[in-house]
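Okay, everyone, can you see the screen? Let me put the structure up and we'll walk through it together.

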Amino acid sequence: MDTRRIIPGSGAHTGARGLLCALVACALAALCFIPPARAEEAPHRHGLAMHGEPALPPGFAHLPYANPAAPKGGALRLGLAGSFDSLNTMAIKGNAPQAMVPYIVQPLMMRSADEPFTLYGLLAETVAVPPDRRFVEFRLNPAARFSDGRPVTSADVLFSWDLFTTRGRPNYRTNKTKVAKVETPDARTIRFTFHSAGDQELPLILAMMPVLAAHATDPEKFENMGFTPFLGSGPYRLDEVDPGTRVSLKRRQDYWAKDLPVHRGLYNFDTISLEFFRDSNTLFEAFKTGLLDLRIETDPTKWREGYAIPAVEDGRILRETVPIRAPKGMTGFIFNTRRPVFTDRRIREGLFHLFDFEWLNRNLFAGIYRRTGSFFDESELSFRSGPVDAREAAILGAALDTLPPAIRNGTWRPPVMDGSGRDRQVMRKAVERLNEAGYAIRDGRMVQRETGQPLTFEVMVTTREKERIALAFADTLKQVGIFPTIRLVDSSQYWSRVRQFQFDMIIEGYVVGPSPGQEQGNRWSSRAAETPGTLNWAGVRSPDIDRVIASLLAARSREDFVASVRALDRLLVAGHYVLPLYHVSDRWVARWKHISRPATTAAYDFLHDSFWLTPNH
């Protein structure tokens, strides 16, 4: 970028008078001009970490969980539950599979699954960020090419930014409000300058933005592309698509980045197919009969009993428990607080006491699950790691006084029932909370005392497993006169309603990475509560939560970051926006023996992109 200044009046005067005018003009320019950051303030580097430094040095050979000697070839067949009606995961409309990014369309930088939040160069060869993170500048790799052979340029990045922030998902539009200007001084360089400094995560979020080909993307058709694929720069291209049922990807032999350190040893299969099954049992049977190669198991009953088959006994199917260091996240019954029935926190807390985890875990899951009690369970980010300290108290401010003592000191745990399915002592606490909210049991039904209206709601689910959990919950609710409706709907209808917040209660989960950030605003901020398509399904509107999320994003040190996340955790748990279910500490994986994986797995995620076809198969 040319940062030279043109001094007004230079060359217009001669002699002493001209010199005087030039000096005056120079002085005025010095007063008004804010110089750009000097190069030494923000040198270009190979990677960028949320906090601290990247673990891998410049010139690293490959990611720790990749095998650079992995053979190429063969096919990987994966199965998914549900269906799809679009291929565009970046638009609000449609239910799309995760097939486009990063297989076909790539981001500027690639995230390492072995570090909390660190990115390394991909389309962007290097990145420059000053200490206060008031801007981020990317320098594109000169070798980067789209699949039609045309180079990836800063104009493509700018085009993608403009498209996503005007027609894309709400999180892109939110980011636009934080960016003061975007500059493309040349074909390889793009700089985003922010309205204010201090957002630690924003440069990384922009670095993960997918880049579309400006010459091959029609903005007018972006939101209604259906099954039309994007022209991308990634390792695969779309080979076949059977709407709603199957997507097949084929590896590009001319892929420009196959020897980059971030991709060496990854994307080894010639073809990857995603097969969709409306029924989870059919999906499981397809894996057992060899129609699918790999399965991440989430059903403890299946994991415990469903694999007693010859292919497992003779070693053709391998079962593994893979440890994952990331927080375990939150899965639960989500209350839509936009609905009158759930606006009162005491109602939500009362229902919380009526979920009999102990009975469910013993009778349906053979005791394999752990009860979830935090949005960042089993990590240092959980509020259950300890009491509020001075750092966290400063972040919480006056909100600290609103928290129950057990949440303040970190000893809070979900209620424990006796496992009988009718623990009267715990149920009594639930009825007390509902009484405080104005409800009482009359003629066998829980009704509002003033109006006589019954306390009832609909639980919308999209799988038989979730329906079974909802029915078990309903059995306990009936004992205190609450009779919910359980509605099983197909995947397309379900997600269409969820995106518009048209439900009373759903069973969903929030996956959490090792470095929570901007996505927390998409899940819990007041702004997101009013924006269809966000993940604030609960409709949370809390100035305290908004302020803590802002603190989380601005944290410059790891200590401030951890304190901010714990503060958020305490506020969310105290608000009873979600009735927590349960989790397992590790990942259950089953794979046919002809699928090989590296000896080292990623610390914070399970990735099949590092797998390969076993030779001679």
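I'll talk about some aromatic pairs, then a histidine, then a pair of helices.

Keep in mind that this is a predicted model. So, aromatics: the structure holds 34 aromatic pairs. Take F287 and W592, which sit edge-to-face, 6.5 Å centre to centre with 65° between the planes. F287 is in helix α5 and W592 is in strand β23, so you're looking at a link between parts of the chain 305 residues apart. Buried or exposed, that F287? Buried, at 1% relative accessibility, and W592 is buried too, at 11%. Both belong to one aromatic cluster, together with F284, W303, Y307 and W588.

F352 comes from helix α8 and W412 from the loop between α11 and α12, so the pair ties together parts 60 residues apart in sequence. F352 is buried at 2%, and W412 is buried at 14%.

F352 also gets us to our histidine. H576, in the loop between α18 and β21, touches F352, along with F335, R345, R348 and E349, leaving aside residues up to four places away in sequence. H576 has 8% relative accessibility, so it counts as buried.

Last stop, α17 and α18. They pack at about 160°, axes 8 Å apart, which means they run roughly antiparallel. The crossing is left-handed. On the α17 side you'll find I545, V548 and L552, among others, and on the α18 side residues including F561, V565 and L568. That contact divides into 10 nonpolar residues, 2 polar and 1 charged.

Technical notes: Residues are numbered from 1 along each chain as its sequence is written. This is a predicted model: local features need pLDDT of at least 70, side-chain atom pairs count only at pLDDT 80 or more; totals for chains, interfaces and linings use all residues. Side-chain values use heavy atoms; hydrogens and water are left out. Axes are lines fitted to C-alpha atoms, for helices over the stretch in contact, and angles run from 0 to 180 degrees between N-to-C directions. Helices (H or I, at least four residues) and strands (E, at least two) are DSSP runs, numbered from the N terminus. Angles under 35 degrees count as roughly parallel, over 145 as roughly antiparallel, 65 to 115 as roughly perpendicular and the rest as oblique. A crossing is left-handed if the near helix is turned anticlockwise from the far one by less than a right angle, and right-handed if clockwise. Contact means heavy atoms within 4.5 Å. Ala, Val, Leu, Ile, Met, Phe, Trp, Tyr, Cys and Pro count as nonpolar, Asp, Glu, Lys and Arg as charged, and the others, Gly among them, as polar. Buried means under 20% relative accessible area, exposed over 50%, partly exposed in between (1.4 Å probe, protein chains only). Rings of Phe, Tyr and Trp (its six-membered ring) pair if their centres lie within 6.5 Å; planes under 30 degrees apart count as stacked, over 60 as edge-to-face and the rest as tilted.
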